[in-house]
Amino acid sequence: MKNRIEEIRKAKGIRQEELAKTLGVSRQTISSLENGRYNPSILLAYKVARCFGMTIEEVFLFDEEESV
């Protein structure tokens, strides 16, 4: 699953460490999310989207082709 976390985070001037602290996860988790190495739980995806003032669909890009 692709996401726009890095793009949105940088546009808002937020460092990985700050986002991690806000979400209650490690900086490594944020890095893994941004690099597509980790798919978040629905709760974490909701927290990320809410932190950015966006919907899950605006942050996480679901591609049906990849899911089959």
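Figure 1. At 42% relative accessibility, Tyr46 counts as partly exposed, a class that lies between buried (under 20% relative accessible area) and exposed (over 50%), with a 1.4 Å probe and protein chains only as cover. The model is predicted: local features need pLDDT of at least 70, side-chain atom pairs count only at pLDDT 80 or more, and totals for chains, interfaces and linings use all residues. Residues are numbered from 1 along each chain as its sequence is written, and side-chain values use heavy atoms, with hydrogens and water left out. Tyr46 lies in helix α4, residues 42-52. Helices (H or I, at least four residues) and strands (E, at least two) are DSSP runs, numbered from the N terminus. With Ile42 and Leu43, Tyr46 makes a nonpolar surface patch of about 350 Å². Patch residues have over 30% relative accessible area and no salt bridge; like charges are joined within 9 Å, and nonpolar side chains (Val, Leu, Ile, Met, Phe, Trp, Tyr) within 5 Å. A salt bridge is a side-chain nitrogen of Lys or Arg within 4 Å of a carboxyl oxygen of Asp or Glu. Areas come from the Shrake-Rupley method with a 1.4 Å probe; for residues, only the protein chains shown count as cover.

Figure 2. Leu44, Ala45, Val48, Ala49 and Phe52 are buried in α4. Seen down the helix axis, the buried residues of α4 fall within an arc of 135 degrees, so they line one face. The arc is that of the directions from the helix axis to the C-beta atoms. An α-helix has 3.6 residues a turn, so residues three or four places apart point the same way. Exposed Ile42, Leu43 and Arg50 sit on the face turned away from the buried side of α4. Cover for the buried residues of α4 includes α1 (5-11), α2 (16-23), α3, α5 (56-59) and β2 (60-61). Just after α4, Gly53 takes a positive phi of about 70 degrees.

**Figure 3. The buried side of α2.** Gln16, Leu19, Ala20 and Leu23 are the buried residues of α2. They span an arc of only 100 degrees around the axis, which puts them on the same side of α2. They pack against α1, α3 and α4. Lys21 and Thr22 are exposed, on the face of α2 turned away from its buried side. Gly24 follows α2, with a positive phi near 75 degrees.

Figure 4. Ser32 is found in helix α3, residues 27-34. At 17% relative accessibility, Ser32 counts as buried. Leaving aside neighbours within four places in sequence, Ser32 is in contact (heavy atoms within 4.5 Å) with Arg37 and Tyr38. Asn39 lies in the loop between α3 and α4. Asn39 is partly exposed, with a relative accessible area of 48%. From C-alpha to C-alpha, Asn39 and Lys2 are 8.9 Å apart in space, but 37 residues apart in sequence.

**Figure 5. The setting of the close-ups.** The protein has 6 helices and 2 strands. Along the sequence, the pattern is β-α-α-α-α-α-β-α. Of the 68 residues, 32% count as buried. Among contacts between residues at least 6 apart in sequence, 53% join residues at least 24 apart. The accessible surface comes to about 4700 Å², and 49% of this belongs to carbon and sulfur atoms.
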